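Subject: Structure handover

Hello,

Here is the structure I promised to pass on. Please open it and keep it beside you while you read my notes below.

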Amino acid sequence: MERVVVLDLGLITYLQSNKIINKQQHGFLKKRCTATNLLVSLSDWTLNIENDRRQAVAYIDFAKAFDRVCHNKLLAKMRQYGICGPLLEWIGDFLTGRTQQTRVGNALSDVNVIISGVIQGSCLGPVLFLLYINDLVDVCSDGVIVKL
């Protein structure tokens, strides 16, 4: 069903054609990756050096980023992006009510309810994560160039 939502229903196509996904985003998108991020950054840095402009570079690694996505905030952001109705309800159902349990040898931990995070290893998880961090660019001040 995830593939139907992402590919057949065209969630990514909708997000890109409506210019919802920030153009600074390089992760998890077709024809974009960490390499394209670095190439664009290198170009920016080279131009700054050639034009005698000061620059500083900061990299932020969000520890366990996929695990820290707040479901309520994600769903609220999706509503703001125009994703609503049965699709939003399905995604809400997809995220909530999940449980996890750990096995070590023959021993099993208690079952725990998962209250945050997007599913890793799924095709929908990265798309949901992109939507969750999509507005990071908007909180940076003028003159700050962000690459995601």
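Aspartate 52 sits in the loop that runs between H3 and helix H4 (71–80). Please bear in mind that this is a predicted model.

Start with the backbone. Most residues other than glycine have a negative phi. Aspartate 52 is not a glycine, yet its phi is positive, near 55°. Is aspartate 52 buried or exposed? Its relative accessible area is 72%. The cut-off for exposed is over 50%, so aspartate 52 counts as exposed.

Now go to lysine 64. This residue is also in the loop between H3 and H4. Lysine 64 has a positive phi too, of about 50°, and is not a glycine either. Its relative accessible area is 58%. Exposed means over 50%, so lysine 64 is exposed as well.

Next, the largest pocket. It holds about 1,100 Å³ of space. The lining is made up of 33 residues. Closest to the centre of the pocket are Ala58, Tyr59, Val146, Lys147 and Leu148.

Which helix gives the largest share of the lining? That is H3, with seven residues. Helix H3 spans 34–50, and helix H6 spans 124–133; each supplies at least two lining residues.

What classes of residue line the largest pocket? The lining has 21 nonpolar residues, nine polar ones and three charged ones.

Best wishes

Definitions and conventions: Residues numbered from 1 in each chain as written. Predicted model: local features only at pLDDT ≥ 70, side-chain atom pairs only at ≥ 80, totals over all residues. Heavy atoms only, no water. 1 Å grid on protein atoms, 1.4 Å probe; cavity = no way out; pocket = protein on both sides within 12 Å on 5 of 7 lines; lining within 4 Å. Points joined across faces, edges and corners; volume = space filled by probe spheres on them. Helix = DSSP H or I, 4+ residues; strand = E, 2+ residues; numbered from the N terminus. Nonpolar A, V, L, I, M, F, W, Y, C, P; charged D, E, K, R; others polar. Buried < 20%, exposed > 50% of the residue type's maximum accessible area, 1.4 Å probe, protein only.
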